[in-house]
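Take a look at the model below. We will go through it one region at a time.

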Amino acid sequence: MSTEPTPTIPWERIVADVADALIYADRDGIIRAWNPAAAALFGFGADEALGQSLDLIIPEHLREAHWRGYDRALARGHCGREVRTTRGRHKDGRKLYVDMSFCVVTDGAGQTLGSAAMARDVTERYLAELARRKAGG
């Protein structure tokens, strides 16, 4: 058995330095973690996003469906592990297409705390694919 101390994992640096947007929201959908990649993707600095509803980055016409899914996932205590392409809203009003993966975050006792998401901008790829389909190819 090793007597070496377990190395401390630098979670804050990982969250800050990861290339994809990382967003954590509590059970009420209030943004509690927002990394620099989230600021770059959505245009809102951490000072503008933290403490705000996820509605900040969800297009208005998608909010009802979002909250139904959010509440359902939190009630189940888990959600699918697939990456989904969905719509987002940039601070300047631009429509974004983002690949997102989600997880429900629980404490050590299994109590649901909120949800975390990783997001990546795929707007250019999505629009190019859409144009190819419209052109018949």
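Which residue with a positive phi follows H5? Gly136 does, with phi near 85°. This is a predicted model: local features need pLDDT of at least 70, side-chain atom pairs count only at pLDDT 80 or more, and totals for chains, interfaces and linings use all residues. Numbering starts from 1 along each chain as its sequence is written, and side-chain values use heavy atoms, with hydrogens and water left out.

Helix H5 itself covers residues 123-134. Its twelve residues reach 16 Å from first C-alpha to last, close to the 16 Å expected at 1.5 Å a residue. Helices here are DSSP runs of H or I with at least four residues, and strands are E runs of at least two, numbered from the N terminus.

Now the largest pocket. Its volume is about 600 Å³. The lining has 29 residues, and His66, Tyr70, Arg84, Met100 and Phe102 lie nearest the centre. Lining residues have an atom within 4 Å of a pocket point. H4 (63-76), S1 (21-26), S3 (84-89), S4 (95-106) and S5 (112-121) each supply at least two lining residues. H4 gives the largest share, eight residues.

Phe102 belongs to strand S4. It counts as partly exposed because its relative accessibility is 25%; buried means under 20%, exposed over 50%, and partly exposed in between (1.4 Å probe, protein chains only). Phe102 and His78 sit 24 residues apart in sequence and 9.1 Å apart in space, C-alpha to C-alpha.

Finish in the segment before helix H1 (11-17), where Ile9 lies. Ile9 has 46% relative accessibility, so it also counts as partly exposed.

Notes. Expected span 1.5 Å × (residues − 1). 1 Å grid on protein atoms, 1.4 Å probe; cavity = no way out; pocket = protein on both sides within 12 Å on 5 of 7 lines; lining within 4 Å. Points joined across faces, edges and corners; volume = space filled by probe spheres on them.
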